[in-house]
Amino acid sequence: MTHTPRRESRADNPVRSGPRRPRRRARAAAVALLTAVALVASGCSIQIESQPDPSIPDDTMLIGADNGSPMFEKNFNPYLANKRIGAFYIYEPLTVINNLDGKGTPWLAASTEQPDASTIVFTLREGVKWSDGKAFTARDVDFTFQLLKKYPTLDMLGAWQYIDTVETSGNTVTIHLSQPDVPAANLIAQTRIVPEHIWKDVKDPGTFRNVEPVGTGPYTLGNFAPQQYTLDKNKRYWQADKVAAEHLVLPASNTQLDTVSKGYDWAYQYISDVEGTWGAANKDNKYWFPPGGTIAMLPNLTKAPFNDINFRQGLSHAIDRDKIADAATEGYMQGAGQNNLLLPNQKDFLSPDLPNDGKVTQDTALALEYFAKAGYTPRDGKLVDAAGKPLEFSLMTANGYTDWLRAVQQIQKQLGDIGITVKVVQPQPAAYQLAMRNGEYDMTIGAIGGTGDVYRDFNGLLSSEFVVPAGEEATNNFERFSDPAVDDILAKFRVAIDEKDQLDYGYQLQKVMYDQVPAIGVYYGGSWGLYNTTKFTGWPTAENPYASLMTYESTPLLIFTSLKKTQKDGE
């Protein structure tokens with residue numbers, strides 16, 4: 001089996017690469033915002049209210065999505081890491097994948113078939129045009145994949161780690177894989193397609209800033225300035241009748257104070273006391289925080305006692321996950337199950353054989369039994385080994401991740417209550433990442449899952465193909481779990497065409513998580529979605545979870561084509 005690090009990269013994890021960054025960027029503004037809220041509570045007259053910009057009409061959406069540093073660079077190349085968020089609204093994939101549950105919606109490809117585990121057949125949608133009026137064809141899809149092959153740094157999803165050849169016939173594109181790999185279809189289908197008639201003349205796509213973007217998506221570039229840019233509805237869009245917002249405004253500054261006070265229609269941002277700030281600022285302000293990933297304790301399985309299943313079970317039963325979630329997320333999120341699934345998002349994939357849906361409740365007596373099996377027993381308020389040495393270890397988190405620090409401190413307290421000394425270490429984020437990848441830690445807090453693809457989430461966490469010796473940099477499976485039986489399940493999962501077989505392999509992998517505890521799921525990390533219904537309705541909610549409220553990647557396409565203009569009284 002080939003080594004496939006980029007496919008499973010934790011950089012794809014929305015809990016880490018999405019909502020976590022805005023949270024930390026907004027901390028300074030949160031201080032000002034919460035200070036104002038505190039003054040209200042103390043009887044002062046300051047009141048935080050939303051005051052929409054009167055120059056923004058009812059058909060225009062103000063979005064807190066992009067961020068300048070501090071100003072915008074004009075870059076709409078969909079394959080560059082520092083592109084403008086608007087590129088996601090201009091360029092479209094073959095299929096849009098809902099990261100909440102992994103379900104795909106046909107997009108530029110009207111249908112996708114897999115006649116066997118090594119072949120993917122995309123039948124393209126007819127009648128699609130580029131925003132300059134040229135017809136979208138299979139040649140554009142083939143050109144896009146060949147472009148990514150020629151310039152591998154642009155292949156951010158790692159599609160060519162799986163592709164052998166691409167062929168076209170009429171409006172179909174057939175991709176032959178280098179080896180059987182059913183889950184590769186969803187990843188490859190998320191590739192954003194560019195027009196051959198423009199990009200064929202680009203001399204260096206790796207530095208191309210694409211300042212006049214032409215796409216198939218719902219929006220085209222309007223005005224651009226370093227502090228703010230606008231997008232206008234693409235009148236040639238293949239489903240223009242479904243797009244309610246005529247214009248989008250994306251400012252370079254999106255502090256928490258801006259979001260609450262300036263009448264934003266949509267933002268993806270953590271806000272402390274969301275009810276008392278965002279909710280109180282406008283009666284039409286709403287929020288939805290579905291699970292976007294699992295925050296977990298990752299034990300270093302190359303070290304004792306973490307390589308002992310009994311010890312890991314002891315840790316799992318010793319903690320109160322809901323209490324940790326409350327401390328870390330101010331009560332917004334819940335404790336996670338020991339199943340590597342996001343519930344209720346992925347309830348259809350949940351094994352019926354797991355007790356309590358896989359959620360492990362705190363049971364101190366049972367935890368002590370497991371610790372005793374691992375060689376640690378209570379003595380004078382401490383857990384000690386056979387030689388009387390107290391049990392202690394370090395728990396790592398990244399400096400500045402204040403929510404994770406609150407979680408770690410709660411874990412430290414709970415384990416301390418049963419006699420375990422936990423030392424909290426907080427290297428800077430870059431050093432934290434390096435220590436985790438190199439296996440230079442005892443136990444660390446990290447984000448797992450959250451791609452929406454059950455296979456990808458388990459493969460990145462459990463496959464031994466990622467295991468390298470401690471001291472060498474791993475790309476996934478940072479805890480360095482290895483079990484030939486689990487590798488065999490993953491290998492069968494990878495080539496399974498039948499959905500019932502896929503479900504069964506998922507059940508088996510959940511049992512591995514529950515029984516072997518390679519990682520300890522603690523609580524769900526939130527997808528911090530904020531929206532306002534004054535102008536537009538039809539937003540994703542817990543009752544209608546067709547997408548998360550992420551403002552980046554391709555899922556916003558699902559939202560833009562689902563919103564309706566709010567009906568005013570008398571209309």
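The structure you are looking at is a predicted model, in which local features need pLDDT of at least 70, side-chain atom pairs count only at pLDDT 80 or more, and totals for chains, interfaces and linings use all residues. Residues are numbered from 1 along each chain as its sequence is written, and side-chain values use heavy atoms, leaving out hydrogens and water.

Helices (H or I, at least four residues) and strands (E, at least two) are DSSP runs, numbered from the N terminus. Two strands pair if DSSP finds at least two bridges between them. Strand β1 (residues 60–64) pairs with β10 in the parallel sense over 3 bridges. Strand β9 (residues 228–233) runs antiparallel to β10, joined to it by 5 bridges; among the partners, Q228 meets P251 of β10.

Now follow the chain to helix α16. Its 12 residues (484–495) should span 16 Å at 1.5 Å a residue, and the end C-alpha atoms are 17 Å apart, which agrees; the expected span is 1.5 Å times one less than the number of residues. In α16, V486, I489, L490, F493 and R494 are buried. Seen down the axis, the buried residues of α16 fall within an arc of 140 degrees, so they line one face of the helix; the arc is that of the directions from the helix axis to the C-beta atoms. These buried residues pack against α15 (454–462) and α17 (499–516), where contact means heavy atoms within 4.5 Å.

Aromatic rings are our last stop. Rings of Phe, Tyr and Trp (its six-membered ring) pair if their centres lie within 6.5 Å; planes under 30 degrees apart count as stacked, over 60 as edge-to-face and the rest as tilted. The structure holds 32 aromatic pairs. In one of them, Y219 and F560 have ring centres 5.1 Å apart and planes at 70 degrees, so the pair is edge-to-face. This pair links distant parts of the chain, with Y219 in strand β8 (residues 219–225) and F560 in helix α18 (residues 556–560), 341 residues apart. Both Y219 and F560 are buried. Together with Y89, W266, Y531 and W539, Y219 and F560 form one aromatic cluster.

Technical notes
Buried means under 20% relative accessible area, exposed over 50%, partly exposed in between (1.4 Å probe, protein chains only).
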